[in-house]
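Hello,

Here is the structure I promised to pass on. Have a look at it first, and then read on for what turned up in it.

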Amino acid sequence: MIPASPALVAQAGARPLSRWALLLICLAYLLPGQLSREPWRQGDLTSFGFMAALARGESSWWTPTLAGLAAPDGALLPYWLGAGSMLALPMLDTALAARLPFILLLALVLALVWYATFHFARTEAAQPVAFAFGGEANTLDYARALADAALLALIASLGLLRIGHEATSALLQLVGAGLWLYAMAAAPYRDRRAQVLVALGLLILSLSGAPFVALLLALAGLLICQYSRFEGARRLRWGLALGMLTAGAAAFISHAWTWRLDALQAGNLLQLLLWFLWPSGALTLWTLWRWRGHLGFRHIAVPLSLAAVGLLACLSMGGSDRALLVALPGLAVLASFALPTLKRGASAMLDWFSLFFFSAAALFVWAYYLALHTPWFPKLLANVQRQSPGFQAEFEGLALLLAVAGTLAWLTLVRWRSSRQRAALWRSLVLPAGGLVLLWLLFMTLLRPAADRALGHQSLLSQLQLAIPAEADCVAAPGQSLDVLSTLQALGKWRTDGRTPLASSSCSWALLRLPRRVSYQPPEGWEAVRQIERPADRGTWYWVLRRR
């Protein structure tokens with residue numbers, strides 16, 4: 001027996017968002033900065049290094065290495081995609097070519113969340129209360145409105161913003177989780193498609209370095225499908241079993257069955273959860289309370305299982321934000337089911353918070369832009385110069401035009417939201433999603449050159465090129481981070497050895513990153529040639545050594 005639904009939705013509330021408006025929001029989220037941005041340090045630059053090594057034949061495709069070091073996450077598929085794109089598109093900048101497949105993958109994630117929510121909302125248990133004299137929301141209109149809301153909730157997620165725009169294994173893990181979610185939702189309606197996609201999703205998770213996540217999702221799916229009322233969902237057990245076997249075999253072949261457990265710090269975890277899961281996390285808590293009688297039904301149980309697996313992966317890895325990324329599709333679906341039960345006061349509070357926060361943040365970005373190009377706001381200019389000494393901003397007319405258009409679109413959205421569509425289910429998520437899209441657009445148009453200077457590789461690479469000759473036989477960099485090795489090998493194109501200790505290295509040059517407080521004496525047979533400072537790496541020097 002299905003418990004009473006907590007959702008009260010009239011037909012006016014099930015009005016879908018304009019397809020053109022939704023498409024523009026998605027494009028404004030996907031494209032800014034992607035065509036000209038440098039690979040940023042940490043995950044983005046590290047992944048690019050492995051991709052470039054494969055594309056240039058410097059590494060085996062079955063065991064990707066960078067400067068002699070294997071990939072720490074055991075992933076294969078992200079590096080295959082990036083390297084394959086480099087080889088297929090040699091006319092493009094290598095960083096752009098590597099990034100193109102991942103732009104499409106992020107678009108696929110958005111589509112999967114929309115369709116998964118649409119199928120969940122069509123089930124009988126998810127329907128709103130029927131009115132005594134009619135007028136309740138039509139099933140398909142209600143499903144479309146909730147799907148729009150889930151898509152907006154995913155776009156509005158702060159945790160997806162930077163990681164979702166990087167070419168890393170985390171995005172492929174998100175795709176695998178999205179395929180699992182969609183297949184679980186569509187199984188009663190699209191049986192054969194769901195069988196194929198759920199197995200594919202688990203395999204993608206395994207090949208992108210998350211075999212344990214694939215195993216947990218397969219077990220959760222088997223449990224849910226075992227007790228499902230839908231014949232198509234029960235048959236999905238075959239696809240889940242196949243996916244679990246292929247994912248396990250792929251992890252065995254790629255040596256991805258490795259434990260990556262880290263100590264957990266409660267304070268850091270709480271801070272991560274508060275900003276990373278906004279606003280979906282807060283709305284999910286409300287959903288679980290209002291739909292507490294439906295926890296065993298598919299529209300709650302499936303996305304909740306995905307969110308729980310993502311949170312468990314995050315906890316086991318010491319509060320990893322990239323592991324928590326897997327939870328976002330499930331949280332977006334759960335957040336959409338909060339909206340039919342949300343009080344008007346809570347909805348208004350979310351609107352006002354989004355309006356003031358994102359408007360203030362946009363003004364702050366514009367102030368920094370004016371500081372870079374006018375005599376105004378000298379303190380803000382000093383902040384930029386402190387992070388990037390010597391940075392000189394260049395005027396880009398197209399970037400300014402796009403930023404102005406985005407700002408005007410935000411003002412139009414605020415006016416439109418306050419005057420129309422007051423009954424629509426998705427109304428509470430329009431401003432959070434639109435505001436985050438605005439900030440990303442402004443940041444990647446007005447401040448992208450400064451961000452590239454602070455987060456990119458060029459400032460370090462240009463100094464290294466002055467110190468190390470292009471024809472150097474080899475550069476030893478033992479114990480250095482993978483993004484430094486990527487700068488040397490993938491961008492500087494020096495043959496790099498990150499494994500051999502300096503004392504036994506055959507290289508004629510070496511690079512070490514050491515704390516400034518350390519009085520460093522080069523080992524016997526080596527001499528210091530240059531000290532390099534990168535402002536973003538505070539408290540450290542890069543020492544360039546040459547063999548005597």
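The largest nonpolar core has 177 residues, and Tyr142 and Trp180 touch the most other members. By nonpolar core I mean a set of buried Ala, Val, Leu, Ile, Met, Phe, Trp, Tyr and Cys residues joined through side-chain atoms within 4.5 Å; buried is under 20% relative accessible area, exposed is over 50%, and partly exposed is in between (1.4 Å probe, protein chains only). Another core lies apart from it, with eleven residues, including Cys507, Leu512, Trp543 and Leu545.

Before going further, please keep in mind that this is a predicted model, where local features need pLDDT of at least 70 and side-chain atom pairs count only at pLDDT 80 or more, while totals for chains, interfaces and linings use all residues. Residues are numbered from 1 along each chain as its sequence is written, and side-chain values use heavy atoms, with hydrogens and water left out.

Back to Tyr142: not counting residues up to four places away in sequence, its contacts (heavy atoms within 4.5 Å) include Ala7, Val9, Trp291, Phe337 and Leu425.

For the overall picture, the protein has 22 helices and seven strands, taken as DSSP runs (H or I, at least four residues, for helices; E, at least two, for strands) and numbered from the N terminus. Buried residues account for 56% of the 548. Of the contacts between residues at least 6 apart in sequence, 75% join residues at least 24 apart. Along the principal axes, the C-alpha atoms fill a box of roughly 90 × 60 × 45 Å.

A few local spots deserve a look on your screen:

- Trp278 and Pro279 are joined by a cis peptide bond, with omega about -5 degrees. Pro279 sits in the loop between helix H11 (266-276) and helix H12 (280-290).
- Phe377 is not a glycine, yet has a positive phi of about 50 degrees. This residue is in the loop between helix H16 (344-373) and helix H17 (378-387), and its relative accessible area of 39% makes Phe377 partly exposed.
- Lys493, also not a glycine, has a positive phi of about 65 degrees. You will find Lys493 in the loop between helix H22 (482-491) and strand E4 (496-497), and it counts as exposed because its relative accessibility is 63%.
- Pro16 comes in the segment before helix H1 (19-30). Its neighbours within four places in sequence aside, Pro16 is in contact with Asp148 and Trp426.
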